[in-house]
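Hi there,

Here is the structure I promised to pass on. Please have a look at it first, and then read on for my notes.

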Amino acid sequence: MYPLRHVAAVALPVIGLLAPTSPAWAEWLSDQQTIMGTVVRVELWSDDQPAGKAAIAAVMEEMRRIDRTMSTYKQDSDVSLINRNAAQKPVTISSELFDLIARSLQMSELTGGAFDITYASAGQLYDFHRKIKPSEHALAKALPAINYHHILLDRKRSSIKFSQIGVRIDLGGIAKGHAVDRSIALLQARAIKQAIVSAGGDSRIIGDHRGRPWVVGIRDPRQEGKVVAALPLSDAAVSTSGDYERYFEANGMRYHHIINPTNGRPVNGVRSVTVLGSDSTTMDALSTSVFVMGVEKGMALVERLTNVEAVIVDANGKMYYSAGLERR
Ligand code: ADP
Ligand code: MG
C-alpha cells in the first residue's frame, strides 16, 4: 500500500511517489481549479506537452459548461429554466440533459426511490451556509412534490414536464459524475491513456498509472486530514458521499445535504459511503443512494449489482466492506 501524501475534501489520488523512469519528453501534467462549488483536478500522462496541457484545459472548460447548464445556483441554467416553467408547460431541453434526467429516473427505479432528483422540492428549503432549515409546516407542504413520477419525459420532443406545481429538480447527486465521464471521454478522444479526473468526491481513472495504480484515500468523516482506508485503483470510477461536505449543527442534530425523499430530512445512520465501479455517473448517484438507504439495504443493493463495491462508515464510525473488497 502506498503512503498517502495529502488529503483533499473527500477522496484523492496519490501520485508521483514513485517516479516512473520516464523519457525526458513524456511527463505527468496536472491542474486543479474550483468549479461546480468543488475542487476539480486533472492529472494525465503525456508525451506531447502542449497537447497534454490543451487536454487539461478542455476538461476544465467542459466542467464549466456543465456547471453553466445544470447548476440550480445559476438563474439562467437550463435546470433553473425547467424549475421555473415545467409545471406549466413542456420545456424543450438538450439531448444531454434529457439523457441525464432519464438516467436519474432509472437510478430512482433501481434504488426504490432513495435517489430522487425531486428531493429538491424540500432540499431548496435548506441553506447550509446560512444554517437555515425549513419549519415543520414548510416541510410538510413541500413533501407531496417529492416523487420522481412527477417528472414526465417526452423523448420524441426532447421535452420535460412536471405533473404538478411545486416540483423542483436538482442534479447535485449525479451531475458531477456525468461531468467526470464526459471529461474522460474527451481525454480518450485525444488519445490520452493514463489519467485521473476528480470533481470533489467523484473520480475516474483510466490506465494503471504506468504500472503503479493510483491510490484513492477515503477520508475520516470526522477528522479532516485523516484517512480510514486507501484503495489502489486502475480503470475505475470511485465516488464518496459524506455528511461532512455541506452541513451545520443545531440542537444536537447534524443538518447535511443528503436528503431522505420520504421525509425531506437529512439522513442519519451513515457518515460516508464510497462506491467503486466503472462509470462516474452511476457511481455518483449510487453513493448518494446507498447513503439514503443505510448500511443494510444499501450494501444489499451493492451486492446485487455486478462490478460494484462499497465501503460504508456508519454513525458510530464502524466500517463495512462489500464482499469483493473483503476478498481483496
Ligand atoms: P457531493 O455533492 O458532495 O459530491 P453527493 O454525491 O453525495 O455529494 O451528492 C449530494 C447531493 O445530491 C446534494 O448536495 C444534493 O444536491 C443531491 N441530493 C441530496 N439528496 C438526494 C437524493 N435523495 N436523491 C438525489 N439527489 C440528492
Ligand atoms: Mg453522489
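Which residue takes a positive phi in the hairpin of E2 and E3? That residue is Met36, with a phi near 60°, and the hairpin has 2 residues between its strands. Before going further, please keep in mind that this is a predicted model.

The hairpin

Strand E2 covers residues 27-35 and strand E3 covers residues 38-46; the two run antiparallel and are joined by 9 bridges. Within this pairing, Thr34 of the chain stands opposite Val39 in E3.

The magnesium ion

The magnesium ion (ligand 2) is coordinated by Asp284 through O and OD, and by Thr288 through OG1, at 2.2 to 2.4 Å. Asp284 and Thr288 both belong to helix H7 (residues 280-304), and because they are 4 residues apart there, about one helical turn separates them. Asp284 has a relative accessibility of 5%, so it counts as buried. Thr288 comes out at 18%, and since the cut-off for buried is under 20%, Thr288 counts as buried too.

The aromatic rings

There are 5 aromatic pairs in the model. One of them joins Tyr126 and Phe128, which are stacked, with 5.9 Å from centre to centre and 5° between the planes. Tyr126 and Phe128 are both buried. Phe128 also pairs with Phe248: here the centres are 6.1 Å apart and the planes stand at 45°, so this pair is tilted. The pair of Phe128 and Phe248 links distant parts of the chain, 120 residues apart. Phe128 sits in the loop between helix H4 (120-123) and helix H5 (136-142), while Phe248 is in strand E12 (residues 247-250). Like Phe128, Phe248 is buried. Ring pairs bring Tyr126, Phe128, Phe248 and Tyr255 together into a cluster.

Two arginines also lie over rings. Arg254 has its charged end over the ring of Tyr247, 3.9 Å from the centre, and Arg219 lies over the face of Tyr244, at 4.0 Å from the ring centre.

Ser272

Tyr244 turns up again among the contacts of Ser272. This serine is found in strand E16 (residues 270-277). How large is the relative accessible area of Ser272? It is 1%, so Ser272 is buried. Not counting residues up to four places away in sequence, Ser272 touches Pro221, Thr240, Ser241, Gly242, Tyr244, Phe291, Val311, Ile312 and Val313.

Gln194

The last stop is Gln194, in the loop between helix H6 (175-189) and strand E7 (195-199). Is Gln194 buried or exposed? With a relative accessibility of 12%, Gln194 counts as buried. Its side chain reaches the backbone nitrogen of Arg210 at 3.2 Å. Leaving aside neighbours within four places in sequence, the residues in contact with Gln194 include Ile206, Gly207, Asp208, His209, Arg210 and Trp214. Trp28, Glu43, Leu44 and Trp45 are also among the contacts of Gln194. For a sense of distance, the C-alpha atoms of Gln194 and Met107 are separated by 29 Å, and these two residues are 87 apart along the chain.

Note on methods:
Residues are numbered from 1 along each chain as its sequence is written. Chains are lettered from A and ligands numbered from 1 in the order in which they are written. This is a predicted model: local features need pLDDT of at least 70, side-chain atom pairs count only at pLDDT 80 or more; totals for chains, interfaces and linings use all residues. Side-chain values use heavy atoms; hydrogens and water are left out. Buried means under 20% relative accessible area, exposed over 50%, partly exposed in between (1.4 Å probe, protein chains only). Contact means heavy atoms within 4.5 Å. Two strands pair if DSSP finds at least two bridges between them. Donors are N, O and S atoms within 2.8 Å of the metal (3.2 Å for Na, K and Ca); water is not among the atoms, so sites may look incomplete. Rings of Phe, Tyr and Trp (its six-membered ring) pair if their centres lie within 6.5 Å; planes under 30 degrees apart count as stacked, over 60 as edge-to-face and the rest as tilted. A charge sits over a ring if NZ of Lys or CZ of Arg is within 6 Å of the ring centre and within 35 degrees of the ring normal. A polar contact is a pair of N or O atoms within 3.5 Å; within protein, one must be able to donate a hydrogen and the other to accept it, and residues adjacent in sequence count only if both atoms are side-chain atoms.
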